[in-house]
Amino acid sequence: MPDIETAGDALAPLAIAAAQGEAYRRRIAAAATTPVDTYGEVLARFAGPLPEQGSDGESIIRELIDKAESGIRATTGPRFFGWVIGNSHPTGVAADWLTSAWGQNAANVVAAPAASAVEAVACEWLLDLLGLPAEASVGVVSGATVANFVCLAAARSEVLRRAGWDVESDGLFGAPEVRVLIGANAHATVFSGLKYLGLGAKRVRTVATDDLGRILPADFALALSEYAGPTIAIAQSGQICTGVSDPFLELAPLAKAAGAWLHVDGAFGMWANASPALKHLTAGIEQADSWGTDGHKWLQTPYDCGFAIVRDAEAHRRAMAVSASYLPPASDLERDPSTYVPELSRRARGFSVWAMLKQLGRTGVAAMVEQDVAVAQQMAAGIAVIPGVELICPAELNQFMIRFGAGLSAEEGDHLTLATVAQVQEDAVAFIGASQWRGRWVMRISVCSIATTPEDGAITVEAVRAAWETVQACR
Ligand SMILES: Cc1ncc(COP(=O)(O)O)c(C=O)c1O
């Protein structure tokens, strides 16, 4: 049997990864964005048969860097405005590297005492920062998709418990019907959660929204009045295209009066609640029963990180807790991280959450969110005055949309918009993506990085102008 431990210095890859990771970040910070190789080009470099024999770690890591780096999208650069992507801040990355080096499995407190304790502190800080009830429980999950799933599992458990049904033991066959209310412009991943939970992605009562995607309270009240049984209502903070939040001050009392569980998908929008200047946008959010959000968006942690937050900790525990004779239970004074998440074994994400909360502090989070919103507004104003460009919605938060070919037919506008998005990406001064809104293509801009400055905003306005001029010249 080969002695794999003595094939070179087994620990050498750690130093190479650290040095190369740092060098990459310095390059990206200066270059802002870069063109990348395609999937096919990268695949061609990696493709080949499974190696029969192992090799030494140092050469493997060097080969990985050589073959992968030109296919790495510069999402951590200051002019990356695609989807809703945070900066993967170096301090969070360093904590994440240590998490891997320590090899901790955050399944239980005996296996990982430090991970459990740090996660407990970080979760307490998070509730404080986001203005949510201190008694709520928090599961540290892989992102908002899973956070929403976990919260909806707790909701399903509790609304059925109140109807005399134990869904954890008896499943859904024969259970009282659970009605789900959801805004017409909810995020696609919330439907995934409904799908996983047997509640059905299509078996929902869609609630009407206004022109920016906010739930209309009158239709919400009507929907609640249509069914007296177990009900889960799903609102959101941060519509993916417009960034707006639902009117929680109106929705929460209506849900409460009807005995419905109110869940908020707040992947990025609920971070406005951490800013004194912006929290009016999320007023009343703390009145909900559960909240799903991301760490890898506006807390800037590395991927993957999200939080499932549930007011009723017992419902959360019922829906997620796992027990087995070989798993030592935590005492009442200890936190077992697996109690609040779907996985047993998982990485100890609490270290990077703690590190980022320490890095930014309360005022740092507020300042970052406010700066991103200010840059989004500055960019929206700058782009809106370019001839032929139409601002589809204002930047109330960090998201906004524009369309190209104002005054032309809808089809031509779609074509010109997609062409301009492609041109911006090819020019590689900034990265911006496309989306559909109300059936038409738009360029959607998301400002969600601590690295983005007003100067980056100004450079990007010019990049959009240049791309649009190129597209028009080619017509
Ligand atoms: C409103 C909203 N909900 C849910 C999600 C899913 O989050 P994740 O991709 O982190 O699972 C997103 C992602 O952008 C989002 O914007």
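In the predicted model, helix H6 (residues 144–162) packs with helix H8 (residues 188–196) at an angle of about 45 degrees, their axes lying 8 Å apart, where axes are lines fitted to C-alpha atoms, for helices over the stretch in contact, and angles run from 0 to 180 degrees between N-to-C directions. H6 is therefore oblique to H8, the term for angles that are not under 35 degrees (roughly parallel), over 145 (roughly antiparallel) or 65 to 115 (roughly perpendicular). Thr145, Asn148, Phe149 and Leu152 of H6 meet Thr189, Val190, Gly193, Leu194 and Tyr196 of H8, contact meaning heavy atoms within 4.5 Å. The residues of this contact comprise five nonpolar, four polar and no charged, with Gly counted as polar.

Local features are given at pLDDT of at least 70, and side-chain atom pairs at pLDDT 80 or more, whereas totals for chains, interfaces and linings use all residues. Residues are numbered from 1 along each chain, and side-chain values use heavy atoms, without hydrogens or water.

Four strands form an open sheet in the order S8-S9-S11-S10, with antiparallel pairing, two strands being paired if DSSP finds at least two bridges between them. Strand S8 (389–393) and strand S10 (433–437) stand at the edges with a single partner strand each, so one side of each has no neighbour in the sheet. The twist averages 45 degrees from one strand to the next. S8 is joined to the antiparallel strand S9 (residues 399–404) by four bridges, and Leu391 has Ile402 in S9 as its bridge partner. Helix H12 (residues 350–384) packs on the sheet, touching S8, S9 and strand S11 (440–446), and its direction makes about 15 degrees with that of S9.

Methods: Helices (H or I, at least four residues) and strands (E, at least two) are DSSP runs, numbered from the N terminus.
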